[in-house]
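User: I would like to go through the terms used for this model one by one. Please set each value against its cut-off.

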Amino acid sequence: MSNTMIEAHKLSRRYGSVRAVDRVDLNIPGGTIVGLVGPNGAGKTTLLRALLGLGSYEGQLSVLGRDPARARSDLMEDVCFIADTATLPRWMRVRHLLEFTAGVHPRFDRGHAEQMLASTEVSLDRRIRELSKGMLVQLHLSIVMAVDARLLVLDEPTLGLDILFRKRFYEQLLNDYFDGERTIIISTHQVEEVEHILTDVLFMDRGRIVLNQSIESLQSEFVELHALGDAVARAQSIPAVGSRSILGGRAFIYQGINPDLLVGLGELRAPSMADLFVAVIEGGLHHD
């Protein structure tokens, strides 16, 4: 059996004359945590909606061996989804929501969900309308993580939450859910919060995937140089993906360069994903 979770070829989605998703090719294997990173309006949510069978598209798309548009009901038994706009029935009590979920989803483990909630302030007797946004995310996550799904899709899941909760959210996701076989896709524009848990990253801009690589390959392919004083002019003569001002000089990000060419020009380091993202987007680097 193939280990490919998601396979897309020339996947496109139009809104009038605008291509929200523009001829995207993807091959995402199982056992990966993929960061889908892009500015607002890049097409991230539109792409995810296509993967989930929530929107029409052109091109070829297979998710867990199924066509999402034709087999969405079957697909949803193996896929879970959390969005920043996720809504839960506000009139229900938490225990009633768990009862309902157990009744409609054959792979939901209610006991597991209750065990996760026991470590939060979300009591089973509280009505959903009484919960804060952070508590709602905890409740939604406990339900999702209690489903034996093969693919988890997160679309800006921690938007609007404080930094302590966001950190706790991703720690819980990594420690209590990811088992090396499931696949997780996290769509975000807050790349610095997720880069430490990712195995792969997709940079998206204007409907296109402009970078698609493993984290391991990024570390070997890109290097950042901090050049100071007179070294700045010499560094500028070497083609870079992008650069930015730093105290007393400039930082340059290079791709696939022989490090010997940068000897004596300043300190070399691995670029942060946030700085690499800005360089790629602003520099117009495209991987077609």
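Analyst: Contact here means heavy atoms within 4.5 Å. The model is a predicted one.

User: Which residues does T188 touch, leaving out those up to four places away in sequence?

Analyst: By that cut-off, T188 touches L36, V37, G38, K44, E156 and V194. T188 itself lies in strand β7, residues 183–188.

User: Why is T188 called buried?

Analyst: Buried means under 20% relative accessible area. T188 has 2% relative accessibility, so T188 counts as buried.

User: How many residues of strand β5 are buried?

Analyst: Four of the five residues in β5 (79–83) are buried, and the strand is mostly covered.

User: What makes β5 and β6 a pair?

Analyst: Two strands pair if DSSP finds at least two bridges between them. Five bridges join β5 to β6 (residues 151–155), and the two strands run parallel. Among the facing positions, F81 has V153 of β6 as its bridge partner, and A83 stands opposite D155 in β6.

User: Which sheet holds these strands, and why are β5 and β9 called edge strands?

Analyst: It is an open sheet of six strands in the order β5-β6-β7-β3-β8-β9, with mixed pairing. β5 and β9 (208–214) each have a single partner strand, so one side of each has no neighbour in the sheet. Between neighbouring strands the average turn is 15°, direction ignored.

User: Why are helices α3 and α4 called roughly antiparallel?

Analyst: Angles over 145 degrees count as roughly antiparallel. α3 (residues 94–104) and α4 (residues 110–117) pack at about 150°, their axes 10 Å apart. The two helices are therefore roughly antiparallel to each other. The crossing of α3 past α4 is right-handed.

User: Which residues make that contact, and of what class are they?

Analyst: V94, R95, L98 and E99 come from α3, while R110, A113, E114 and L117 come from α4. By class, four residues of the contact are nonpolar, none is polar and four are charged.

User: What is the strand order of the four-strand sheet, and which strands are its edges?

Analyst: This open sheet has the order β11-β12-β10-β13, with antiparallel pairing. Its edge strands are β11 (242–246) and β13 (267–269), each of which pairs on one side only. From one strand to the next the twist averages 25°.

User: How many bridges stand behind the pairing of β11 with β12?

Analyst: Five bridges link β11 and β12 (residues 249–255) in the antiparallel sense. With at least two required, the pair meets the cut-off. G242 stands opposite I253 in β12.

User: Which strands of this sheet does α9 touch, and at what angle to β12?

Analyst: Helix α9 (residues 273–283) touches β10 (222–228), β11 and β12, and its direction makes about 80° with that of β12.

Notes: Residues are numbered from 1 along each chain as its sequence is written. This is a predicted model: local features need pLDDT of at least 70, side-chain atom pairs count only at pLDDT 80 or more; totals for chains, interfaces and linings use all residues. Side-chain values use heavy atoms; hydrogens and water are left out. Buried means under 20% relative accessible area, exposed over 50%, partly exposed in between (1.4 Å probe, protein chains only). Axes are lines fitted to C-alpha atoms, for helices over the stretch in contact, and angles run from 0 to 180 degrees between N-to-C directions. Angles under 35 degrees count as roughly parallel, over 145 as roughly antiparallel, 65 to 115 as roughly perpendicular and the rest as oblique. A crossing is left-handed if the near helix is turned anticlockwise from the far one by less than a right angle, and right-handed if clockwise. Ala, Val, Leu, Ile, Met, Phe, Trp, Tyr, Cys and Pro count as nonpolar, Asp, Glu, Lys and Arg as charged, and the others, Gly among them, as polar.
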